[in-house]
Amino acid sequence: MSKNFFKHLKVVTKHRFLVFKYSCKVGIPFLGLIHDLSKYSYKEFSISEKNYTGYQSPLLTERRNNGMFSECFVHHTNKNKHHFEYYIDYFGGDVILKIMPYKYNLEYVIDVISASKTYNGKKFNNNMPYEYFNSKNKKYLMHPASKEFVLVCLKKFSEDGFKHLKKKDTRKLYEDIKKRYSLTYKVPFYSINNKYDFIEITKPW
């Protein structure tokens with residue numbers, strides 16, 4: 001047990017409490033209750049407590065110390081359906097993106113809001129989750145429909161909190177967005193000369 005054991009435990013528990021609290025507001029209480037239980041597993045907790053900082057995700061520290069590769073992240077996204085990485089496949093040299101199911105897409109929205117509040121504390125305001133996701137989403141291999149749903153929900157939250165994020169509202173929004181897209185999208189993985197371009201990572205960033 002490291003000196004950060006209880007500090008990290010407190011952060012994880014606070015985050016899960018917020019997710020449950022907000023999940024009840026949007027009509028998915030059970031998903032909020034079981035959210036991120038894998039973070040208490042030895043595989044994830046042992047790595048995260050070692051890389052704990054208190055002001056950002058320990059995965060960032062792990063990546064800096066491990067050539068940008070996070071074993072904890074891989075384990076977590078393979079166990080939790082509210083992460084878009086769970087819906088990524090590889091076939092024939094291409095990356096295949098599948099749309100996230102409604103309830104997990106909504107859970108992801110709550111996850112972003114709760115994480116933002118957890119790490120920003122008293123500085124938190126309702127626009128922060130939208131600003132964060134909007135600044136990062138172009139780099140995410142996320143199905144465009146799932147991405148649009150998250151952006152619209154976070155924008156609504158930034159303007160009116162949970163007022164327009166009731167289950168009937170988000171369900172209709174999700175269905176309206178979904179019917180404009182295909183179930184899956186393909187992202188070519190091969191380079192032009194049909195060979196992989198391997199780039200050695202010497203410095204994380």
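**Loops, a helix and a sheet in a predicted model**

D36 sits in the loop that runs between α2 (29-34) and α3 (42-50), helices (H or I, at least four residues) and strands (E, at least two) being DSSP runs numbered from the N terminus. This is a predicted model, in which local features need pLDDT of at least 70, side-chain atom pairs count only at pLDDT 80 or more, and totals for chains, interfaces and linings use all residues. Residues are numbered from 1 along each chain as its sequence is written, and side-chain values use heavy atoms, with hydrogens and water left out.

Visitor: Is D36 buried or exposed?
Guide: Buried means under 20% relative accessible area, exposed over 50%, and partly exposed in between (1.4 Å probe, protein chains only). Because D36 has a relative accessibility of 1%, D36 counts as buried.

Visitor: In which loop does M68 lie?
Guide: M68 is not a glycine, yet has a positive phi of about 75 degrees. The loop that holds M68 is the one between α4 and α5 (71-79).

Visitor: Which residues is T61 in contact with, leaving aside its neighbours within four places in sequence?
Guide: T61 belongs to helix α4 (residues 58-65), and contact means heavy atoms within 4.5 Å. With those neighbours within four places in sequence left aside, the contacts of T61 are N51, T53 and Q56.

Visitor: Which are the edge strands of the open sheet formed by 3 strands?
Guide: The order in this open sheet is β1-β2-β3, with antiparallel pairing, where two strands pair if DSSP finds at least two bridges between them. Each edge strand pairs on one side only, and these strands are β1 (88-91) and β3 (184-188).
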